[in-house]
Amino acid sequence: MVIKWTRKFKTGLVGELVLIFILSLAATLAAVSLTAHFLIGSALFYPVQTDAERIMNYREKVGNPLAAWLDARAGEAVIPRQLEQELREKFPPGYSKSFRAAEEVVVSVVNEQGELLQANSNVVIVRSGESLPGGKALHSATEYPPAPEAGGFVIGNPEEEQVYNIIFFTPKEGINISYNNSSGTKLQETRKLGNGLYLVAASTITYTENPVSALGLVVFLLLFYLGVRGRIRYMRTLEQGTHTLYATDFEARIPLKYNNELSTMAAALNDMAEQIVVSRSKEKDFLLNISHDLRTPLTSIMGFLSLLKEKSYDSEPEKERYIEVLEERTGYLKKLIDEFFEISQLKWKPAVLNKSRVNMQELLRQVVEGYHPQSRDRRIETVLLLPDQSVHVEIDADLFVRVLENLLSNAFKYSRADTELTIRLREPVAENRRQCLLRLEMWSTPAQAMENGELNRLFDRFYKGDSSRTGEGAGLGLSIAAEIIRLHGGRLDAQIEGERLGMMIELFMEK
């Protein structure tokens, strides 16, 4: 098969097709050359002929039969246009056509005065100093100008603007032969007939493509088809693969082949299928976790309501304690529902950000100041590092405060006591001519050591950092924060350095 080795290289599909075309053409030329070398002179080719052989062949096929026929009809031949219809039928201009060549014969009968009497095609005689009807000029007339002193004239076709013969008085009998770049042979003959008539005939053989050349075309098309057949089949595989993905619930995969845009498309479809499978798994977990998180407080609420309804309490203080638990569980249930609603809106409802120009330093000071009680109770020192120069950025302030609150809540909830929470706003860094990168970092020391493998899961919905899921909350805080930052065109990442865990917010701002 042609150029299988192209699969080893990273090439574009167009480049591969061009390469297949070039190699197919080169192989075809080599095959045709070798075939021609071994078959030259055979029946597949015109045999090599000398001029004498060509003239003899012309006379046997055209010249002698034509002259004999005209001699036999000499009485009619002197009458202008008398024999033209029969002449066209017996010796048509397209005298002989075959797979290998086409022969054209142009016959003219003139008298000694240079008058055109009969012709089998649309020819005219142009004398010295004259032009063709309509003012057209013959392309090659300038190469063979008639000699005025000799009374010469030209026989030609004004429609094709082609010269067939040149005759001078007194017409000289004879035959001559000429070649056209070895692709054709032209014989011109002037022969005197009876009754003062002259036969002027021109026989032109144009060689067409021989069978070996036609075979070369077939070989080229076959090689080119073999070269592109696999890619055409692979296109069909891609089409069928998309249907297979749907039919197998995105569990199947499209095989990768070649190393071009087709394989890139197949890899993209496979990645899409993988993402869909992962997304469906997450959505399934999402529904299961919603059921779990809602069931727990709801079960507790129903239990205490049952106790109150049955008056299963011994005193008013105990009744009040039941009511307090109901209020606490109801509040927790509302918080869960609010978080579910919020993440659903952020994820699936088209977001409309209410952006405004905000001083980032002032926003951070206000939010951090609100967490002073948590900082004191957890014995975590808060360090706020801000640039001296004011940093203003276009954000949705309410949503961004939600991000900061979620990050700070997690930091105080899961950090080790007697450690430090560092919040650093770095100077904006120019990314290009129009944008700067704004980076906000929060570094804390988790109570439980974390591995790098856990970082990617921190922003998954319902992830709490333990498998028992006994902690309070739905585990949506970081997922909500990451989604808000994404809506702002930025990203929220996590990083571990030693025992410290860093949350990195990166936002792009206009200069």
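This is a predicted model: local features need pLDDT of at least 70, side-chain atom pairs count only at pLDDT 80 or more; totals for chains, interfaces and linings use all residues.

Me: Let us start with helix 8. Which of its residues are buried?

Reply: Helix 8 covers residues 360–369, and its buried residues are Met360, Gln361, Leu363, Leu364, Val367 and Val368. These residues lie on the same side of helix 8, because they cover an arc of only 160° around the axis.

Me: Why would residues a few places apart point the same way?

Reply: An α-helix has 3.6 residues a turn, so residues three or four places apart point the same way.

Me: And which residues are on the other side of helix 8?

Reply: Gln366 and Glu369 are exposed there.

Me: What does Asn359 reach at the start of that helix?

Reply: A side-chain oxygen of Asn359 comes to within 3.0 Å of the backbone nitrogen of Gln361.

Me: Now helix 10. How many residues does it have?

Reply: Helix 10 runs over residues 397–414 and has 18 residues. From its first C-alpha to its last it reaches 26 Å, close to the 26 Å expected at 1.5 Å a residue. Its buried residues are Phe400, Val401, Val403, Leu404, Asn406, Leu407, Leu408, Ala411 and Phe412.

Me: Take Leu408, then. What does it touch?

Reply: Leu408 is in helix 10 and has a relative accessible area of 1%, so it is buried. Leaving out residues up to four places away in sequence, Leu408 touches Val367, Val368, Tyr371, Leu421, Ile423 and Met442. Leu408 and Ser444 are 36 residues apart in sequence, and their C-alpha atoms are 9.8 Å apart in space.

Me: Changing topic: how many cavities of 30 Å³ or more are there?

Reply: A search of the whole structure finds 3 of them. The largest cavity holds about 40 Å³ of space.

Me: Which residues line the largest cavity?

Reply: Its lining is made by Met360, Phe400, Leu425, Leu438, Arg439, Leu440, Ile505 and Leu507. Strand 15 (435–444) and strand 17 (500–510) are the elements that give two or more residues to this lining. The largest share, 3 residues, comes from strand 15.

Me: Is His488 buried or exposed?

Reply: His488 has 9% relative accessibility and therefore counts as buried.

Me: What about Arg231: buried or exposed?

Reply: Arg231 is found in helix 5 (residues 211–247). It counts as buried because its relative accessibility is 4%. Its side chain makes a polar contact of 2.5 Å with the side chain of Glu16.

Me: Last one, Glu84. Where is it, and what joins its side chain to Arg81?

Reply: Glu84 is in helix 4 (residues 84–90), and at 11% relative accessibility it counts as buried. A polar contact of 2.4 Å joins the side chains of Glu84 and Arg81. Not counting residues up to four places away in sequence, Glu84 touches Leu117, Gln118 and Ala119.

Terms used. Residues are numbered from 1 along each chain as its sequence is written. Side-chain values use heavy atoms; hydrogens and water are left out. Buried means under 20% relative accessible area, exposed over 50%, partly exposed in between (1.4 Å probe, protein chains only). Helices (H or I, at least four residues) and strands (E, at least two) are DSSP runs, numbered from the N terminus. The arc is that of the directions from the helix axis to the C-beta atoms. A polar contact is a pair of N or O atoms within 3.5 Å; within protein, one must be able to donate a hydrogen and the other to accept it, and residues adjacent in sequence count only if both atoms are side-chain atoms. The expected span of a helix is 1.5 Å times one less than its number of residues. On a 1 Å grid over the protein atoms alone, a cavity is a set of points where a 1.4 Å probe fits but cannot get out, and a pocket is an open set with protein on both sides within 12 Å along at least five of seven lines; lining residues have an atom within 4 Å of a point. Grid points are joined across faces, edges and corners, and a volume is the space filled by probe spheres set on the points. Contact means heavy atoms within 4.5 Å.
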